[in-house]
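Hi everyone, thanks for coming.

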Amino acid sequence: MIKFVGGFDKVLDLPNTQFAEYAFIGRSNVGKSSLINAIVAVPIARTSNTPGRTQTLNLFNIDDRVMIVDLPGYGYARVSRTNAMRWLARLEEYLTTRRQLRRLFILIDSRIGPRDADLDLMDFCDIRAIPYQIVYTKKDKRIREQEQTVLSHENHGAMIPEILETSAEKKTGLDSIRKTLGIK
């Protein structure tokens, strides 16, 4: 059974549970909510064509065994600088204090590749030993002809070596994430 626990503005407001948490984050419009919906095969996360719609820490309870956390995106969402700084502080607090967090999935649009904000988040996690895994999204879409930064776990101490490639639309590449979450 999948249950929406709530959207939380503050880390202190998050419920204190014994369930392992797996958080999903990425630039605005990377397809984060669509990927979460594809993983659990139920439309639980709100999707939108407008970047920046996820503005709270959204928790989903999966079978009273695991929590999925849909984190606000970063990048080009149209929000004030004040709100952007508040979101950044909340993200840092969540990542550094949430003892239930088992893995952060950093989503990167495969058509664009990693941007500075993605690399900054990876460095933040490396310095603080926060385990994360790179998930390329939208692998079914046409890739722009440009040189992309190649990511490797050799340069990132907290990065899970396996880089995943997914398509929420085509439902491909989801099994590894499901296995990590312990869901079918």
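Let's start with β2, which is covered on both faces: Ala20, Tyr22, Phe24 and Gly26 are buried on one side, and Glu21, Ala23 and Ile25 are buried on the other. By buried I mean under 20% relative accessible area, with exposed over 50% and partly exposed in between, using a 1.4 Å probe and protein chains only. Strands here are DSSP runs of E, at least two residues long, numbered from the N terminus.

A quick word on the source: this is a predicted model, where local features need pLDDT of at least 70, side-chain atom pairs count only at pLDDT 80 or more, and totals for chains, interfaces and linings use all residues. Residues are numbered from 1 along each chain as its sequence is written, and side-chain values use heavy atoms, leaving out hydrogens and water.

Back to our strand: seven of the seven residues of β2 (residues 20-26) are buried, so the rest of the structure largely encloses it. Who are the neighbours? Strands pair if DSSP finds at least two bridges between them. β2 runs parallel to β4 (residues 66-70), with five bridges, and there Glu21 has Met67 as its bridge partner. Six bridges join β2 to β5 (residues 101-109), also in parallel, and Ile25 stands opposite Ile106 in β5.

Now, how many aromatic pairs does a search of the whole structure find? Two, counting Phe, Tyr and Trp rings (six-membered for Trp) with centres within 6.5 Å; planes under 30 degrees apart are stacked, over 60 edge-to-face, the rest tilted. Phe4 and Phe60 make a tilted pair, 5.3 Å centre to centre with 50 degrees between the planes. Phe4 is in β1 (residues 2-8) and Phe60 in β3 (residues 57-62), so this pair ties together parts 56 residues apart in sequence.

Terms used:
Helices (H or I, at least four residues) and strands (E, at least two) are DSSP runs, numbered from the N terminus.
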